[in-house]
Amino acid sequence: MTQYNKPLPEITLLTEPFWQGIKDHQLLLQQCDDCSAFRFIPKEVCPGCASVQSTWTPVSGAGKVYSYSTVYRGTGTAFQDDLPFTVVMVELAEGPRIISHLIDCAPDQVKIDMPVA
């Protein structure tokens, strides 16, 4: 296995199900048990209805590019071999927006509303 030399997230009790899902190649988001709204980032209380009840629910991961930025330099040594790379805000089909690193797409090919998965 290749050594991973990039920063790792701080995993807390609140975020652990999300990161475990990522490790298992599954995108899990909190879904409010009372109003059914999905939320990202993980929160203890639903911002829509103030419920403290939620379930970690698999989502499709499909969405569209809401916004993006291409990084050409200045990211520190851990990301130098990845330059240039594009960071996207994706609006998921289920509603929430998440930030991700876009892969398998040249920076000059990224477009707003472009479908991604």
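Select T15 to begin: T15 lies in the segment before helix α1. This is a predicted model, in which local features need pLDDT of at least 70 and side-chain atom pairs count only at pLDDT 80 or more, while totals for chains, interfaces and linings use all residues. Residues are numbered from 1 along each chain as its sequence is written, and side-chain values use heavy atoms, with hydrogens and water left out.

With a relative accessible area of 16%, T15 is buried (buried means under 20%, exposed over 50%, partly exposed in between, with a 1.4 Å probe and protein chains only). Show E10 and P42 next: T15 is in contact with both, leaving aside its neighbours within four places in sequence (contact means heavy atoms within 4.5 Å).

**Helix α1**

Now select residues 16-23, which are helix α1. Helices (H or I, at least four residues) and strands (E, at least two) are DSSP runs, numbered from the N terminus. I22 is found in α1 and is partly exposed at 37% relative accessibility.

**Aromatic rings**

Rings of Phe, Tyr and Trp (its six-membered ring) pair if their centres lie within 6.5 Å; planes under 30 degrees apart count as stacked, over 60 as edge-to-face and the rest as tilted. By this rule there are three aromatic pairs. Select F18 and W19, an edge-to-face pair with 4.9 Å centre to centre and 80° between the planes. F18 is buried at 10%, whereas W19 is partly exposed at 31%.

Move on to the open sheet of four strands, whose order is β6-β5-β4-β7 with antiparallel pairing. Its edge strands are β6 and β7 (115-116), each pairing on one side only. Two strands pair if DSSP finds at least two bridges between them. How many bridges join β5 to β6? Six bridges join β5 (residues 85-92) to β6 (residues 97-102). Within this pairing, V87 stands opposite H101 and V88 opposite S100. Finish at the hairpin of β5 and β6, which has four residues between the strands. G95 in the turn has a positive phi of about 120°.
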